[in-house]
Amino acid sequence: MSTTFTGSAATGTHRAVRSGGARANPAVVLTIVYAGALAVLGLWWANTLSVSGLDGWLTGAGRITGLLAGYVIAVLLALMARIPALERGVGSDKLARWHSMGGRYVVGLSVAHTLLIIWGYAVADGTDVVGETVTLNLSYPDVLKATVAVLLLVGIGAVSARAIRPRLRYETWFHLHFYTYLAAWLAFGHVLATGNEFIGNRPAQAAWYTLYIGVAVVLAWYRFITPVRHAFRHRLRVTRVVREAPGVVSVHITGRHLDQLRAEPGQYFRWRFLTRQLWWSPNPYSLSATPRRDALRITVKDLGEQSRELARLRPGTKVVAEGPYGAFTAAHRKNRKVLLIAGGVGITPMRALFESIPASPGDLTLLYRARTTADLVFREELEAIAARRGAGLHYSVGPRDVTGDPFAPRTLTELIPGLRDHDVYVCGPSGMTGSVISALRAAGVPGRRIHHESFEF
């Protein structure tokens with residue numbers, strides 16, 4: 001079924017908090033990362049007079065892969081340090097994709113470094129690979145540390161593989177990733193102690209220390225110190241929990257000076273509710289309403305033990321929030337007309353954008369897909385916003401084999417006049433998001449005008 005609501009625009013009843021902040025350009029970030037990798041290769045080149053013989057080529061390749069592995073692991077930690085400028089400019093989902101891709105490179109480079117160095121040393125010493133492995137690990141403590149680091153990285157990579165990750169609870173996967181810090185610390189010491197490029201080379205040592213200490217500082221500041229500072233400054237606590245739909249609840253949170261958080265509609269926080277069941281693990285949930293100076297709201301679907309516990313929260317429960325994060329905001333809009341496409345619980349950030357994104361009457365439309373009418377979250381709120389803002393609101397409800405594809409290119413172009421001239425925001429299950437983006441591209445919407453952000457970590 002499809003329903004449209006229209007009406008005149010009106011001013012909201014509350015005053016939104018100020019938003020904004022520095023935003024990193026993704027192209028500039030990648031340029032800096034690649035420049036650093038070239039500098040690492042330059043360090044090897046400057047310290048390598050010549051390469052000869054099989055052992056020389058093997059150990060040379062091993063040195064290169066080892067240097068790159070040590071550099072990339074520091075970059076990966078920096079990308080996930082939750083630096084506000086990166087989160088706003090690049091976006092959490094893109095940072096997560098870069099991190100995932102880089103993680104595969106780190107594991108591959110680390111394993112290649114290990115095998116190449118052992119093989120090269122075995123050729124030079126005239127021994128077998130197994131014997132050389134035992135000798136290196138028992139004779140050189142820093143080599144043993146590096147071996148532990150490689151094993152940790154391989155293990156972390158294994159639990160993050162697509163075949164295994166969905167079988168793990170988010171909290172288990174999240175905490176296993178902390179072993180990356182231990183692997184990075186072990187690799188840092190190994191490179192300085194055994195790397196030919198650093199022995200007696202004070203400038204290279206200073207650069208390596210600067211890289212790792214700098215990453216450690218931003219990690220400590222943004223992932224640990226900042227949440228504690230916010231906890232004391234804003235004194236967040238739950239005011240009420242409201243059932244929105246079957247298995248869906250909204251958690252209303254109040255606090256002090258929330259405008260200082262500079263949160264924007266479409267962003268999310270990592271929430272840590274201080275109860276016996278929930279305090280130990282932060283979970284990412286989007287704001288489902290425009291942030292106010294004294295109130296925030298998140299809306300959560302029952303997808304597991306942690307989200308189920310939120311329905312049992314009591315008023316007064318203290319909250320620690322990390323954020324705001326994400327680039328799924330109006331700041332990236334390029335055109336006057338805006339189309340929002342939501343599926344399932346993806347309506348959460350869309351509800352906040354539908355309420356707040358700047359648009360004249362007739363220039364804003366929301367398409368909302370749900371399995372059943374009962375699954376339509378915020379229906380009354382959405383209809384009130386549509387009437388107040390003069391916006392279009394369409395529902396698509398029912399099994400896909402009955403309703404057909406509501407997001408087929410032809411359907412979208414017929415429903416949304418001038419679709420190519422819209423900025424389109426898409427949020428929903430990964431399968432739906434992928435098919436919608438493909439349909440939009442087929443309908444002629446340029447990729448730069450399609451905005452999406454995955455909230456699956």
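I began with the accessible surface of the protein chain, which comes to about 22,100 Å² (Shrake-Rupley method, 1.4 Å probe), and 60% of that surface belongs to carbon and sulfur atoms. I note that this is a predicted model, in which local features need pLDDT of at least 70 and side-chain atom pairs count only at pLDDT 80 or more, while totals for chains, interfaces and linings use all residues. Residues are numbered from 1 along each chain as its sequence is written, and side-chain values use heavy atoms, with hydrogens and water left out.

I then turned to one helix pair, and found that the axes of helix 8 (residues 179-194) and helix 9 (residues 202-234) come within 11 Å and cross at roughly 165° (lines fitted to C-alpha atoms over the stretch in contact, angles from 0 to 180 degrees between N-to-C directions). Helix 8 is therefore roughly antiparallel to helix 9 (angles over 145 degrees). For the contact (heavy atoms within 4.5 Å), I listed Tyr 181, Ala 184, Phe 188, Val 191 and Leu 192 of helix 8, and, on helix 9, Gln 205, Trp 208, Tyr 209, Tyr 212, Leu 219, Arg 223 and Phe 224.

Key
Helix = DSSP H or I, 4+ residues; strand = E, 2+ residues; numbered from the N terminus. Parallel < 35°, antiparallel > 145°, perpendicular 65-115°, else oblique.
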